Amino acid sequence: MSYLTVRTRCAEDVFVVYIDGYLNSLMAEEVERVVLESLDAGGRKLLLNFEGTRLINSIGISIIIDIVEKIMERNGILAFCALSRINRELFQMTGVARYVRAFEREEEALGYFRQSA
Amino acid sequence: ELILPIKADSEVVAARVAEEVAAFAAVDADTVDRIKMAIIEACINAFEHSGAESGKVRLRYLLSPEKIELFVQDEGKGFRGGGGGEESKRNRGWGLKLIRELVDDVEISTGDRGTTVRMVKYLGSGPASEGAGSPDPE
């Protein structure tokens, strides 16, 4: 049984990662891998789109925290979008929400990145 | 009652059953999501900390008009708090903290014959429903 799907796309200079299915350790490590690849290639603007995220577990959240730390270390900008209510709460409970802007829709988030050029 | 094999992603099955049980009780969607997340975390804890030779985790879902009670029982060596292996290091000990945020009551009984985590989510005007999700008073 595999829930691993990480789609990505470049929207102007923003690297968008779509987290579909179950954000467990496998999925989160794959997200981490593509994000680090983007940072290594010089990308600085990253957006995690949670629209297709059905479930998250604590290991997935912890890896997202690792990703946030790595992006901050490299002076990158990270945003989240399309969080369900429970996923938003989980990021609040774990303190992630203090460090990452969250937007309802992907377009709003891309607008934020345009302004922070 | 559900007996799960200790196997990657089998906690998703536990969450789906919880969803069905909650839907039967006409529980609102937010509460269902909280119950699902709590049971996922309890299963992951059981998988990781139990060291159970049986390779199984036993779950019980008890539904009453006032509350949903969820029991996650392993037959391992007992709960070791914040210890644990590689997964524990990766999740920074968030599992139990999240469970305490997500449900109204949590009890952990542990011993030589394993560990049982009992989680309660009150429905409607139950005793803790107004403080649902509030941190454990400890």
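In β2(A), Phe15(A) is the bridge partner of Cys10(A). That pairing is a handy way into this predicted model, in which chain A and chain B bury about 2,100 Å² between them.

**Strand β2(A) and its partners**

- Six bridges tie strand β1 (residues 6-11) of chain A to β2(A), and the two run antiparallel.
- The hairpin of β1(A) and β2(A) has two residues between the strands, and Glu12(A) there takes a positive phi near 55 degrees.
- β2(A) also pairs with strand β4 (residues 45-49) of chain A, this time in the parallel sense and over five bridges.
- Within β4(A), Asn49(A) is the bridge partner of Tyr18(A).
- Why is strand β2 (residues 14-19) of chain A largely enclosed by the rest of the structure? Six of its six residues are buried, so there's the reason.
- Both faces of β2(A) are covered: one side has Val14(A), Val16(A) and Tyr18(A), the other has Phe15(A), Val17(A) and Ile19(A), and all of these are buried.

**The nonpolar cores**

- The largest nonpolar core has 69 residues, and those with the most contacts inside it are Leu48(A), Phe80(A), Ile39(B), Leu59(B) and Met119(B).
- Helix α2 (residues 29-49) of chain B gives the most to this core, namely 11 residues.
- A second, separate core has 13 residues, among them Ala11(A), Cys81(A), Ala109(A) and Leu110(A).
- What does Leu48(A) touch once its neighbours within four places in sequence are left aside? Its contacts are Val17(A), Ile19(A), Val31(A), Val35(A), Ile64(A), Leu78(A), Ala79(A), Phe80(A) and Cys81(A).
- Two of those contacts of Leu48(A), Val17(A) and Ile19(A), are on one side of β2(A), along with Phe15(A).

**Where chain A meets chain B**

- The contact takes 24 residues from chain A and 21 residues from chain B.
- Of the area that chain A and chain B bury between them, 59% is on carbon and sulfur atoms.
- Polar pairs turn up too: five residue pairs are in polar contact across the interface of chain A and chain B, both residues being at pLDDT 80 or more.
- The count of salt bridges between chain A and chain B is two.
- Arg85(A) forms a salt bridge with Asp30(B), with the closest N and O atoms 3.1 Å apart.
- On the side of chain A that touches chain B, the elements giving two or more residues are α1 (25-40), β5 (53-56), α2 (58-73) and α3 (85-93) of chain A.
- α2(A) gives the most to that side of chain A, with eight residues.

**Helix α3(A) and Asn87(A)**

- The buried residues in α3(A) are Ile86(A), Asn87(A), Glu89(A), Leu90(A), Phe91(A) and Met93(A).
- These buried residues of α3(A) pack against β5, α2 and β6 (77-81) of chain A, together with α2 and α4 (94-102) of chain B.
- Just after α3(A) comes Gly95(A), which takes a positive phi of about 85 degrees.
- Is Asn87(A) buried or exposed? Its relative accessible area is 1%, and buried means under 20%, so Asn87(A) counts as buried.
- The side chains of Asn87(A) and Ser84(A) are joined by a polar contact of 3.2 Å.
- With its neighbours within four places in sequence left aside, Asn87(A) is in contact with Thr53(A) and Ile56(A).

Notes:
Residues are numbered from 1 along each chain as its sequence is written. Chains are lettered from A and ligands numbered from 1 in the order in which they are written. This is a predicted model: local features need pLDDT of at least 70, side-chain atom pairs count only at pLDDT 80 or more; totals for chains, interfaces and linings use all residues. Side-chain values use heavy atoms; hydrogens and water are left out. Buried means under 20% relative accessible area, exposed over 50%, partly exposed in between (1.4 Å probe, protein chains only). Helices (H or I, at least four residues) and strands (E, at least two) are DSSP runs, numbered from the N terminus. Two strands pair if DSSP finds at least two bridges between them. A nonpolar core is a set of buried Ala, Val, Leu, Ile, Met, Phe, Trp, Tyr and Cys residues joined through side-chain atoms within 4.5 Å. Contact means heavy atoms within 4.5 Å. Buried area is the accessible area (1.4 Å probe) that two parts lose on being put together, summed over both. A salt bridge is a side-chain nitrogen of Lys or Arg within 4 Å of a carboxyl oxygen of Asp or Glu. A polar contact is a pair of N or O atoms within 3.5 Å; within protein, one must be able to donate a hydrogen and the other to accept it, and residues adjacent in sequence count only if both atoms are side-chain atoms.
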